[in-house]
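Biologist: Please take a close look at one part of this model for me. I would like the strand pairing there, and then the ligand site.

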Amino acid sequence: MKKRTPMVAGNWKMNKTLSEACELLESLKPELAEVSTVDLVVCTPFIDLPLAKDLLAESNIKVGAQNLHWENSGAFTGEISAPMLKELCDYVIIGHSERRAMFGETDETVNKKVVAALVVGLKPIVCVGETLGENEAGQTEAVVDRMVREGLKGLSQEDAKNLVIAYEPVWAIGTGKTATPDQANDVHKNVVRPILREMFGEEIGEGMRILYGGSVKPGNAAELFNQSDIDGGLIGGASLKTADFVGIVQGAL
Ligand code: PGA
């Protein structure tokens, strides 16, 4: 038995209209109703959040967003702030590789967003991970090390208890190419975990959850989640289908 409660979080990305979201959530709820030993989260597009909040209010599934702005309010057309999200959800994904690659997110903006989320009591799911090029150049450790240290810079031990890390090798996201359980656990155990222990102390670092993300499927979930330092998953494509998401949650049970 692992000491850390596993978490399975869905990242819907830019998918699901309101009516599609309604359908998916209504079908997930009964399927997952008996799950009590895995923390469940669905991170929906902003516009689906009020619906998700209502539909999941009495359920064991928590709601998360996929991004936020670090300022609380003001002239930032098209952006959404932490206080706005706080009324709608509990979690927020920060620094997803798609945002880093396509929307100019940097370690610095990730850090500002993490701080803004924590201030209002949102729990960040902070994504880190190397690209294929970095992986092939042997830079995985250096890249992940930098992303974790810079992204979590200046946080207190209390802050650390309220956040989750997701290691998502970019080459494994949406590609069908999963890191092997050994490969993923090696980064979790020998790169991310030691930094967390160093930054926040042995006990807190040991207790923090490190999720794996990148082509997790019902067929590979259990083996991944069985690894010593893989504490669940951040699920993209497979979180859009009830049977797949439920199958992955079963892998965490
Ligand atoms: P995937 O995405 O499961 O579709 O690979 C994971 C993610 O981007 O969080």
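Modeller: Helices (H or I, at least four residues) and strands (E, at least two) are DSSP runs, numbered from the N terminus. This is a predicted model, where local features need pLDDT of at least 70, side-chain atom pairs count only at pLDDT 80 or more, and totals for chains, interfaces and linings use all residues. Residues are numbered from 1 along each chain as its sequence is written, and side-chain values use heavy atoms, with hydrogens and water left out.

Strand E4 (residues 91-94) runs parallel to E5, joined by 4 bridges. Two strands pair if DSSP finds at least two bridges between them. E5 is also joined by 4 bridges to strand E6 (residues 164-167), again parallel. There, Val126 has Ile165 of E6 as its bridge partner. Strand E5 (residues 123-128) is largely enclosed by the rest of the structure, because 5 of its 6 residues are buried (under 20% relative accessible area, 1.4 Å probe, protein chains only).

Now the ligand. It is surrounded by 13 residues, the closest being Lys13, His96, Glu168, Gly174 and Ser215 (a heavy atom within 4 Å counts as near). By class, this shell has 4 nonpolar, 7 polar and 2 charged residues. A side-chain N or O atom of Glu168 lies 2.6 Å from a ligand oxygen atom. For Lys13, a polar side-chain atom is 2.8 Å from an oxygen atom of the ligand. Gly236 uses a backbone N or O atom, 2.9 Å from a ligand oxygen atom. On its own, the ligand has 290 Å² of accessible area (Shrake-Rupley method, 1.4 Å probe), and the protein covers 96% of that.

Technical notes: A polar contact is a pair of N or O atoms within 3.5 Å; within protein, one must be able to donate a hydrogen and the other to accept it, and residues adjacent in sequence count only if both atoms are side-chain atoms. Ala, Val, Leu, Ile, Met, Phe, Trp, Tyr, Cys and Pro count as nonpolar, Asp, Glu, Lys and Arg as charged, and the others, Gly among them, as polar. Buried means under 20% relative accessible area, exposed over 50%, partly exposed in between (1.4 Å probe, protein chains only).
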